Amino acid sequence: QVQLVETGGGLVQAGGSLRLSCAASGRTLSNYQMSWFRQAPGKEREFVAEIFATAGSTAYADSVKGRFTISRDNDKNTVYLQMDSVKPEDTAVYYCAARRNVLIRYEYWGQGTQVTVSS
C-alpha cells in the first residue's frame, strides 16, 4: 500500500517562503512522475508543478513559474515544493500525486496540507 504524506503547510505572510514535503512509503517512487496540485476554497483543483523521473525535468503552472521550485530526493523517497515570494492567491490545500507515466491517471494522492498566505 503506497502512502503519500504532505507536510510543511502553515500560515505565512505575503512575500515569505514555505517548503512543502511529500514523503512516500510502501513503494519506491524514483521511477514515478511526481506532481503538486492545489485547491483553493470554492475552486477546482489545479496543477502546480511536476518533476519527471527521467533526467528530473520539471514543469510549472504559469501562476507559480519563477517563484516555486519542485525537487526530489530519491534516497528519501520524498518530493519537495519550495514556495518563495508567496502571494495571498497561493492560499490553498496542496496535494502531491504520483503516476508511472503521463499516459495514465495519477495513481496515488496525499491527504493534502493547508497553506495560508496572509496579506
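A charge is taken to sit over a ring if NZ of Lys or CZ of Arg is within 6 Å of the ring centre and within 35 degrees of the ring normal. The model is predicted, so local features need pLDDT of at least 70 and side-chain atom pairs count only at pLDDT 80 or more, while totals for chains, interfaces and linings use all residues. Residues are numbered from 1 along each chain as its sequence is written, and side-chain values use heavy atoms, with hydrogens and water left out.

Arginine 45 lies over the face of phenylalanine 37, at 6.0 Å from the ring centre. Arginine 45 also lies over the face of tryptophan 109, at 3.9 Å from the ring centre. Both of these rings belong to one aromatic cluster, formed by Phe37, Phe47, Tyr106 and Trp109.

Five aromatic pairs were found in the whole structure; rings of Phe, Tyr and Trp (its six-membered ring) pair if their centres lie within 6.5 Å, and planes under 30 degrees apart count as stacked, over 60 as edge-to-face and the rest as tilted. One of them is tilted, because the rings of tyrosine 32 and tyrosine 108 have centres 6.2 Å apart and planes at 40°. Tyrosine 32 is buried, at 5% relative accessibility, and tyrosine 108 is buried at 19% (buried means under 20% relative accessible area, exposed over 50%, partly exposed in between, with a 1.4 Å probe and protein chains only).

The rings of phenylalanine 37 and phenylalanine 47 have centres 5.9 Å apart and planes at 75°, so this pair is edge-to-face. Phenylalanine 37 is buried, at 11% relative accessibility, whereas phenylalanine 47 is partly exposed, at 27%.
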